[in-house]
Every structure is written in C-alpha cells, then in structure tokens.
Amino acid sequence: MAGLKVCLVEKGRRWEAQDFPTSSLKILSTFRFESSKLGISFGPRDALFQVYEQEDCLAAMACGLGGGSLVNAGVMIPAPVRAKRNVKWPKEWENDWELCEASASSMLRAQSVPTKFQNSKVMEDIIKEEFEVSIESPLKLSINFDENKQPLNSKNPAEMGSCLACGNCLSGCPYNAKSSTDKNYIFSAIQEGCTIRTDCEVQYVVKNLDKTSKEKHSSTKRRRWLVFFNEIDHVKCDFVVLSAGVFGTNKILFQSQQRGLKLSSMLGSGISCNGNNVAYLARSSAPLNASGLDRKNFSELPFQERPGPAISSSYTNSLGFTIQSAVLPTPYIYMLFKGFTSYSWPGGYGIIHEVLDKLMVSFGMKKSQGMVLNVMGYDESDGKITFERDTNKIYFQAPKDTLLPRKIKALQKLSEKLGGLLYMSKYRSTSVHLLGGCNAASDPSHGVCNSNGQVFDTNFHDSVHTGLYVCDASLIPCSVGINPSLTIATVSEHVSRHLVKDVLNYENMYGARFNRTAIDQKLSSMISKNLGGSRTSSIAFTEIMRGHVGGMPISAHLRVKLNMETCKDFDNMNMMSGKSHPLLRGKVGGYVVCPAVESDKIHVIDGEVDLCEVDIRTPYTQYMHYKLTLAASSGSRYILEGRKVLNPFLLGFYMIKESTSMNVTFKKVTANNTKEQEAIVLKGELHISVLEIIKCLISMKGRCKGKFICLLLESFLRTYILRLPRGINKDFTTPHVLEKPYPSSDLLKIETEDGFIISCKRWKCSQSFSRLGHKILYPVLLINGYSTESYWLPTEPNDLVRTLLEQGHETWILQPRLHPSNSSNCFTIKDIGRYDIPKVIDKIIELNGRFVKVHVVAHCVGGLAMHIALLGGHLSSSKIASLSCTNSSMFFKLTALPSVKMRLPLLPMSMVILGKNKTLPLFGTLKTTSSQRLIRAIARLMPRYERCSCDECEIFSGIFGNTFWHNNITSSMHYWMNKKSLPALPMAAFPHLRIICNTGFIVDENGKNTYLIHPERMALPTLYISGGRTLLVTPQTSFLANKYMKLHQPDHRHERVVVDGFGHSDLLIGEKSYKKVFPHILSHIGLAEEEKTSSAVKKKYYSKEALAWGNEQQYEEGKAVFWCCIFTILLAVVLLFTVFS
C-alpha cells in the first residue's frame, strides 16, 4: 500500500486537549441544537456537540477529528452473544471477529479501570440488592491510566497523558488521557502519509463517467469517483470510504442518490438507538461523588476519592438491558437535565425548585449529590431516516423499544434506593449510540452494503459500486445492548482488511496505468486548490434562468464561482491569445428543474462557464458559454450546453437581449466505460429577467466584485462599441493538403442560344460505382449561388461532389455567365434560367442517352434561375428526375437587414458608381479603380450580424449580408473561399436580384409575374431545405414553396427540411454539412431513383384542405428593422453626395 495517496476529510475541526471546554460558558460555543419540531437551529455547524430534536426523539453526537471518541466514555465492551445471534447480524463477520476485535482493542489501547470509584461502589451495592445483574468487572476503557506520562501540552497525539480521574470525559479530556481515534488510527494514518483536511464537509459522491480530453490521452486510468464538498468543489479518487456517523453517512448517500447513484431502497431503514435512554438523579443523600472536578480541586483529593472516568462500572440486567452510572462533567449545564428536556419523578418539582436548590448548594446551606444514569438495551431496530429534498435535511424516527417501561421502572427503583429525585427524559428515545441506516446484509433487499462495507449497486444483480465503502456505525444492523465503541471498531477492522485487498487487486489489474505519483500530485493539487486557504480573489453569485426546451418549461438555478485559478496565471500573452480573464470564467453548480423530463431536480455535477469566450473564427463576437453535466435521481445523465451570443451589431442595441438570452441544447446521454450515446436532444432558449439580475448582484460575494463588474462592462464595450477583435490576428493559414486526392474532372465549354460561352465541370463515375445492381443512376447537376462555389471544395474531405461520386452518380457543376470565369457586364438571372440551364441539361442528356433524366441541386440564386427555367417554359420538367434547393425556391424571403438594403436605393447608386465595368474585385492584390475602392469602403461600413478579420469576407458580407455563420465552417474552408475561390464579384445581375427580393418571389427583369401562374410546369418531386439559424434568407422561403408545390402538384412527392444551427451557404460548405444536410439530399435523390421503376399509377400525396390549415412561424426582428433603416439611410445620403457632388 506504500505510495498510495489517502486523504481524510473531516467536517469538524481538530481538537487539542487544551481546546476542550472547561466551563459552562465555554461549552455554549461548542454546542449546536437543531429542532425540526420548533423549526429552529443555533450554534456553529462544526460544533463539537450536535443535538437533534425531532418529534419524540433526541439524538446527540460529536463533530471533530476523532468523532464520537472525543467525548464518549471510551467503554470497551465486546459485542454480546445475543447481538450476534440476531438474524440481521452478518454471518461473514464471525469468520474473523475475534481477530478483528483483538486488533481494535489493542489499537484503542483499552485498559482496565484501576480502582473502584465511589459512585461505582454505591451503584454495585444498590444493584445487587434490587436486580439480578452481571457486573462487567473490571471494565475496560480507552483511557490511559499509566502514571509515567503526563505531557499535557505535547504536540504528538500518540504521547498521552495519564488519567486524573476528574470525571470530565464527556466534555473532552482536557489532560490528553483519552485514547480517541485521532491518537491511534488517524495518527497512524498520518505517519503513513495520509493528508488530513478539517473544517470541510463532504456533501455527496458521484460516479465519474466522463472522460476529459486530458484523460483520453493519459496513461493513467480515469478516477472512478467525484467527491463533492459543495456544489462546485470536488476531488477525483478511486476509493471512497464513508465514515461520517449514522446521520452523516446516510445524508451523504441520500444526496448522492439524488444525483443518480443507484442505492438500495433500504437506505435509512433499520435504525437502532441501541435501546438508549438517559436520566439524571439529583438531590441524593448517598455519597455518589459523580460530578466533575476543576483542576484546582485535584490537590485536595487523592486519586481513588475523585469522581473517576465518566463510566467506570456497567451492570447488565437479566431482563435484557444495561445500566451504567456516569459522572456529569463540570462544563455541562445542569439545568438542561432538570426540567428543560426532562420531567421529575416523583412529580411536583419543577424548574423553580431546582433554581432554589442550586442557590442553597452554592451558599453552602445544603449538600446535594447527583449522577447520570445511562440505560441501553435491545430495541426493534425499525427506526428510519428520511431525506427532505427541498431543505436537504434528514429526519429520523426512533425505533420501537418494548423494554422502555421496564427501564423506567428500574430507574425509579434506583431513585428510591438512593433517595433522590429522578429526572427522566421527555423523549421516547434519547440516544447517543445511533446504529444502522446503511445496514450490512446479504443482498440489496435487506440492506445497503454487503458484509465488507461495499455499497450495493441496484442497477445490476448482485453487484456493488466498486470503490465505494461504508465503515462506521451505520453498517451495524441491530442493537448491541452495550456501548458500541468496540463493536464499531471491530467492524471497521473487518471492512479495512477487505478494502486493502480491493486496492491491491485494483493496482495489479491496471498495472502501470495506476500511476500513483500522478494521483498523489493531482489529489494534493486539487485539495489545496479547493479546500486550502481562502479564495479572496473569487466571485460567487446565484443566477436563475427560465425558458423552454423542446416546448417544455425549464428553469436553471445556478451557483457560479469565478476565478477558480489565480490571477497570477493570467498575463498579456493570455489576453493576446483571446483567453478571457480568470474573473470571467469558472465553475458552476446548482440544479435544473424540467418536470416534463424528470420529476425531481436534476443536479449539476460538473459545470463550466466562460463569460467572455472567443472563437478564433469569430474574433469580434463574444460568447457567454455554459456547459453543465447533470445527474438525476433516476440515474440518467444530461448535458445542458448553451451560449449567449454577443454580436457587434448596430452598436449594442441588442446588448441587453443578447446578454440575457441563451440558446441551449439539452441532451440525455448514457455513459459507459468507452463512450457516450446520445438518447434525446432538445433545443430551446433560457432567459434571465432584470429582477433576477438585480438579485444576482445583491447575492454576489467576494472581494473582487468591483473588478469583476468592470471587466464585464469592459468586455461589452470592446464587443459592441469599440468592435475590436480578440486574440492574435493570425488571419487564416494555408489549408492542409488532403490525404485523399480530389477526383479528376473534365471542363466542357458550351455555347448557349444567345451565343454566350459557359462552362461545366464533369466528374465521371467508374463502372463499379455507377450501377446499383443492374440500374444505372441518373447524373446530378449542381448549380451554385451568386458566384460563390458551394459544391466543389478542395480543402474539405466531405463536400457534396465527393459524396455524390461515392454514391455512384455522375456529377456536373454549372459555371454560368454569373461565374467569375465567365462573367458578363450585361445579364440577368432570367438569362441563366432561359439559356444556361436548359443548354447544360441538354448536353448531359446528349452524353448519357435520351432516356436519362437529371437530378438538380441548386442553391440561392441558382435555385431562382432553376425555377425561372421550369416555370418560364424554357426547360421541361420531364427531363428532371428531382429538384433539391437550399435556401431558395420560386419564393425568396429575406431577413431584416438585407431586406432594408434591397429596398433602399443603395444598389442602383452603386451600379451608377461602378459605371460600365460591373465587376467588383475582391482580392486585395487585384488592381481597382477609385469607384471600385469607394464601393469596397462603403461595404466595409455596412452593418452585419457577424464581423470578420478577413477583408474579402467583410466586403462580400457588406454587399450581401452574412451568408454563413463563421463557427460552422473550418478555417481552411474560409481561407480557400476568400483567398482562392472568388477573385472578383460580377454585379450585373444585382438589379434583377433586387427586384426579386423586393417582390418576394421570382419575376422577370421588369417585375412582371410571368412564372408563378404556370404551376403545371413543375411536375416533379421537390425538396426545399432552409437553415434554422436564420441568416440572409428566412425559412419562410422553403415553407411557401413546399406549400405551393403540394397545392398544385399533389401527385408528386414534396419535402421540406429546416436544419437547426445552419444559416445560408453553410448548409453546403459547413464542417458538419455531410452529417446534417447531405443525407436529406441523398435520400430525396434515392427516392426519386426508386420511383422511376415503380408503378405508373399516380398517387395523390396531399389534401388541399389540410394544407390550408398550415402556417409558418414568422421571423420578425423588431428593432433591427428600424435601426437598420436609420443606418443605411445615412449611408445612402453619403453615396448620393458622393455621386452627385
């Protein structure tokens, strides 16, 4: 086991001998009381004494390094035979019980009480007369009675002092004589290198199912468990041993269960109070000598005449319970035992009588003896602990105790013999010896753990959660009838032996991957980072967002903690590289409520936030990125990921909306050792209200609040007003050379009817790929948008040309008069539809045979030209096998910004400025005239949704508007498109395009509707695809076209798809287009191929009545329209002044 890293985490503090309370005033500061009945609690959370009152039950326990052993009596009595015969007692424990018990007794340094103290003598005489008892003699205690050591101020816990018989054991030994576990087990662990962290409470444990990027390439195996200290801070480890006491361990497991840990339904059941009841005997005339002594009184009394240890004798009744007399420590407040938590017997005496009695004793007018009586027995062990999810508190119900009446009667008889007044607890159960809740059993139907302390995993039959152990009193499934300290230690010895074997097997199994040094360094780093020291430079606040995903309500209640790393790690190089300031990024905890998905809260087990994230592809855009890994009580895991996108659009008029609205993706995932498989994906939007923002600011904690607010406002200023790019502007590097060479093609020159020379690229398919069985597939014609290439992409491994060739289709790309290599200064879109497209279709049929049809895929302006060709009667639909259009149709509906540009006279004035040469150079290396430079300069000033550091991209988007979302395409694609593909932009067709855009559907160059009146010419199957993240063209374009075709051509198949996350041309050039867009096109083409061999019987696909019910969501942009008008009108004025000055 040498070399393994072990960390012990303790809720309480470390208590030295001099720290224990020695007066009633001091003990108040070490006391905590919680009452569910009264709904109150007071005292520090890490108080030494913790008392819980619930209904008719009272439970007391200790908190600190050493647990209950700090303030218990240290009684070491072996487990009785009666307890071992209980049917609930695990038989496996008996195999090594004697060996483990001897080891525990030796480790706890159990010693016999050296003499009979006064209260023991009195009790022995009375007990023998009244009851049939067996006397535990001599009683062994975990107390040092040797007189050769008394280093009261020793810094070494192992060097114990000698017992002074002061009787203050139950308030903590102030003379370092008690062998509490911090002086033996814990001290031995420290000597072996165990790290101790106090003042830190473990909240819950979660299985670590996620593989981080670092772990994927690491030689060390992924840690199995995440141990959380709050909603955010955690460490990773392979083995977790829970030893937090009955309440603590059960609470940890209950909270872990809420986060998906599958546990037995018996969790919290089988609680035993060990038949515990406490009473106080007062006003006795017998010489009990059972009150603790101050240090100043030691010299007055010899050792044997002092009160002695807290418990020095024990008597087991033949009726089945044990009675012990105990010394009440000096710091204890006696009044708590007289009236507040008890009732007197015989009756008639109240608190006032006790106050008077105390005064008389204080003035020497009366002598009074008192003593605590502790009774233990065998209850039914049917108590229960429950967990309140809303308050994160546990509640307990005491077990039935059939011996309670006999115990009360026995105490009353003792009171009569001793001649005192008996104060008995008001509660049905007053316990300091809680047992159970995580009972050891043979299977999950009877307990929570097996006999080795391993927690059952109810996901699988006869399985345990590997590496998760319970090792404390909560394992013991029944009453033991006596002080359980030695029994608990014996069970722990048994568990630890199997734990050691498990660890060694784990190390042998993973060999070199079980890198102990790496574990040691990482765990130490994590603990010191998460637990050690105060995080004065961190900021913490709560944030509540509400909205909908998949149409279902959802709310996120988040706890954000920023600056999880020191600001010293952040320098100018980090800032230049685009990395956000540490105060703007951090961790997230909390929970999500989505009743339609999970009935309970879905807790965040790993969350990250960056309030100023930068994508190198969009350096002008600021992202507020949240990524949350969620765990539900059902065991399901979810990922909630979202971004608030802050674009430098219209000088920040959208700042409030963008910074308070977040587009999110909610995914359900199942995880195993190898990968995660997505089960469901829901998309939606979350919002934070102004009121919640105010609450967030009020709840903000941390010394750097002012700096955080300044940094956040500075990021907004840089994004919206200054519009400065973030990160080092490296432009775009030369695209890498693809391993897979691009297929060779032929370039064909074709003369149209009007004498213009156009060109086509043709990729032939080999014979092995051109047949599907014995069937030859039809060729495919690809028609680009306005000048830009969307299909043949040399830098991309999965463009549409490659995809079609792999499917076995001969592929053609039309390069019409709109193409930069064939551009003309005088043409319209109608000319492309009238001359270019029909001619190339005829050429394809000529080369492939007259019975061949052509599949057409068209984008944007190419789609407009294709519909003009068909609806204008220039091309027969009988020659077309299928038509697929992306962001185009016979309708053309623009978003707000390009719509305003088209409606204002900017384009006509630009054409006047250009003069006869209607081509605008885009490459910076090309020669330009003054008029062309003016157009380029004005294009750079035009508002747009996304800005770019590439000048060619800025000019192109200034003219058209953004045609793609930058984060959808690769850097190599961006480089090729702007630096290689489009050297110049032919603008001759812009006047006709402007007329179509303003009309909303295809018309001729004079604005006449000569096309839509001929729907009979569109007798073919169609597919219309739109981008769901609206950009340039709205999805209404495809909606109207699809409805038009279904109404007028119901005998043909018509489809429509809106692809989420895509804008305009990124539908075809996007990095993930081959996954999310191309399958729709291939499916449509494939169905058309099948239909050509199907029956000739026509099938009516659609009902006109049903189609009339449908409607499309309107894509309104409100304020953007107004401010776009203002801005573009100002630019129009500048242009007018320039032209006519």
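**Figure 1. Helices α20 and α24 run roughly antiparallel to each other.** In this predicted model, the axes of α20 (residues 906-914) and α24 (residues 990-999) come within 10 Å and cross at roughly 175°. Anything over 145° counts as roughly antiparallel, so this pair gets that label. On the α20 side, the contact uses Leu907, Pro908 and Met911, while α24 brings in Phe990, Pro991 and Arg994. Sorted by class, that makes five nonpolar residues, no polar ones and one charged residue.

**Figure 2. Helix α22 is mostly covered.** Here we look at residues 951-960, where nine of the ten residues are buried. The buried set is Glu952, Cys953, Glu954, Ile955, Phe956, Ser957, Gly958, Ile959 and Phe960. What does the covering of these buried residues include? Among the helices there are α19 (896-903), α21 (930-941), α23 (971-981) and α24, and the strands β42 (919-921) and β43 (984-986) take part too.

**Figure 3. The largest nonpolar core has 97 residues.** Which residues have the most contacts inside this core? They are Phe247 and Leu253. Helix α10 (residues 485-510) supplies the largest share, six residues. Zoom in on leucine 253 and, leaving aside neighbours within four places in sequence, you'll find it in contact with Leu242, Leu261, Leu263, Leu267, Cys438, Val448 and Val470.

**Figure 4. Alanine 244 sits in the loop between β13 and α7.** The loop links up β13 (240-242) and α7 (245-257). Is alanine 244 buried, exposed or partly exposed? Its relative accessibility is 42%, so alanine 244 counts as partly exposed. Not counting residues up to four places away in sequence, alanine 244 touches Thr249, Ile252 and Asp472.

**Figure 5. Strands β14, β20 and β21 form an open sheet.** The order is β14-β20-β21, and the pairing is antiparallel. Since β14 (269-271) and β21 (393-397) each have a single partner strand, they stand at the edges, so one side of each is left without a neighbour in the sheet. Ignoring direction, neighbouring strands are turned by 40° against each other on average. Five bridges join β20 (residues 383-388) to β21, and lysine 384 stands opposite glutamine 397 in β21. Helix α7 packs on the sheet, touching β14, β20 and β21, and its direction makes about 45° with that of β20.

**Figure 6. Zooming back out, the protein chain has 30 helices and 45 strands.** Of its 1141 residues, 55% count as buried. What about contacts between residues at least 6 apart in sequence? Among these, 72% join residues at least 24 apart.

Technical notes
Residues numbered from 1 in each chain as written. Predicted model: local features only at pLDDT ≥ 70, side-chain atom pairs only at ≥ 80, totals over all residues. Heavy atoms only, no water. Axes fitted to C-alpha atoms, helices over the stretch in contact; angles between N-to-C directions. Helix = DSSP H or I, 4+ residues; strand = E, 2+ residues; numbered from the N terminus. Parallel < 35°, antiparallel > 145°, perpendicular 65-115°, else oblique. Contact = heavy atoms within 4.5 Å. Nonpolar A, V, L, I, M, F, W, Y, C, P; charged D, E, K, R; others polar. Buried < 20%, exposed > 50% of the residue type's maximum accessible area, 1.4 Å probe, protein only. Core = buried A, V, L, I, M, F, W, Y, C linked by side-chain atoms within 4.5 Å. Pairing = 2+ DSSP bridges.
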